[in-house]
Amino acid sequence: MEHSHGASRPSAANVDATQLATELTERFRQVLSTKRLNDLSSRSVQSRSASPAPRDFGTPQPPPVQNAPPSYSSLRNIPLVPEPPQDARSLRFKNMLHSLSNMPLRWENPGLLDEALRVVPLEQIYSEAEEESQILQAEAESLGAGKKAAWGYQDCVVRALMRWFKRSFFSWVNNPPCGRCYSPTIGVGMAAPLPDEQARGANQVELYKCSLDHCGTYERYPRYNDAFVLLQTRRGRCGEWANCFSMLCRAVGSRVRWVWNAEDQVWTEVYSVHRKRWVHVDVCEEAWDKPLLYTQGWGKKLSYCIAFSADGAMDVTRRYVRDPTKYSAERSRAPEAVLHHIMTEIRNMRRNNMGKQEKFRLEGEDMREDRELRTYVITSIAQSVSKINADDIINGRLSARADPDAQKALEGRTNGNAQWIRSRGEQGRGTPGQDPHNQHPR
Ligand SMILES: [Zn+2]
């Protein structure tokens, strides 16, 4: 066999570039993989060195509070003494939150995370991130010496990952099309999972029937909630999107939270080391740092938004509901002091095996975040007070001063079809009132 030296052969430069890209990708993978293993071994060292002595930070036993605080008190900065759940309703809420809090733990599997990265076009994502972070850096420098770029490199990595995930990887499923004739289907209820569906973690299967009478084929839509299975199915509604995407954020090395909302929405938060705060990310909407998307943007009322990570739990409702008089739904699942207790309980559980330093660092982070969340409430009160100024009263104008996050939120959903969006009442502000407790599962 002879090698051709003709024009069809790629030039040496091209070969080098391709080879370089491949080598770089492999290096990224190895760096991330090594980092994960290091994190893991340092954790297990910590837990081994931790003494088996009884915990000195055991559950506080506060005096029972007689009168339950009013709803929304957590949205208004009333300090609370944590109170263990006692009534059946609070206990149910506790069990549910504990069970939800397990979601981010399922991603903490170094082997599977390495494996997951194999489906991600890392070269493309890292080069987009590099480019964007250089632009942000240049923008900051043009504003003057000492100005900080809006986002750091790792933030840009997650942003690039989000664009790729939404535009070329995952697809939205409303009613799955007929597998035989591709006609639209009609939902006919739920079906029991088949053994192979169950083996891959689907406990619920939605059943659809082809809308063509002479076809009548049934289409199954198993709701997988294993992020690693979703890498293969690559489709779903916001639950599947947020699950799979959050896992991939973890795979590229970010700290990540899974945010559960009682009004049937779910999204991601990623920790920005550059900004030292958690950032809202909704991959379905390709939304980055737009926490007011659901309220000011879609006109939804939210009651609870709870963030879970591998190392904690936090009631982050105040980040998403800045104007409680307009956008908060009733918080009636448990007294606020009980919710506070449950959050502390989950946090302690997650941090049980950590070293003192790590715990201390996370507590500092919680305190910073609490301050951030309190600021939102104070800003909102200040705004509602300051919008009533003498000039406005004299001229008969009463207009609110905008929260900087509010402008970003004034747009409707971008994903899902129109009917589905209407049924959820999420077309953006000013839509006639719809039942926010929508009929569709996540
Ligand atoms: Zn059909």
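This is a predicted model: local features need pLDDT of at least 70, side-chain atom pairs count only at pLDDT 80 or more; totals for chains, interfaces and linings use all residues.

Reader: What describes the packing of helix H5 and helix H8?

Author: Two packed helices are described by an angle between axes and a distance between axes. For H5 (residues 153–169) and H8 (residues 238–251), the angle is about 145° and the axes are 11 Å apart. The crossing is right-handed.

Reader: Which residues make the contact of H5 and H8?

Author: From H5, Val158, Leu161 and Phe165. From H8, Phe245, Leu248 and Cys249. Contact here requires C-beta atoms within 7 Å.

Reader: How many residues of that contact are nonpolar, polar or charged?

Author: Six are nonpolar, with no polar and no charged residues. Val, Leu, Phe and Cys count as nonpolar, so Val158, Leu161, Phe165, Phe245, Leu248 and Cys249 fall in that class.

Reader: Why is strand E10 called largely enclosed?

Author: Buried requires 20 or more other C-beta atoms within 10 Å of a residue's own. Five of the five residues of E10 (residues 305–309) are buried, so the rest of the structure largely encloses the strand. Cys305, Ala307 and Ser309 point one way, Ile306 and Phe308 the other way, and all are buried.

Reader: What makes E6 and E10 a pair?

Author: Pairing takes at least two bridges. Four bridges join E6 (residues 256–261) to E10, so the pair qualifies. The two run antiparallel. Trp260 has Ile306 as its bridge partner in E10.

Reader: How many bridges join E10 to E11?

Author: Four, and the strands run antiparallel. Ser309 stands opposite Gly312 in E11. A hairpin joins E10 to E11 through two residues.

Conventions:
Residues are numbered from 1 along each chain as its sequence is written. Axes are lines fitted to C-alpha atoms, for helices over the stretch in contact, and angles run from 0 to 180 degrees between N-to-C directions. A crossing is left-handed if the near helix is turned anticlockwise from the far one by less than a right angle, and right-handed if clockwise. Two residues are in contact if their C-beta atoms, placed from the backbone, lie within 7 Å. A residue is buried if 20 or more other C-beta atoms lie within 10 Å of its own, exposed if 12 or fewer, and partly exposed in between; C-beta atoms are placed from the backbone.
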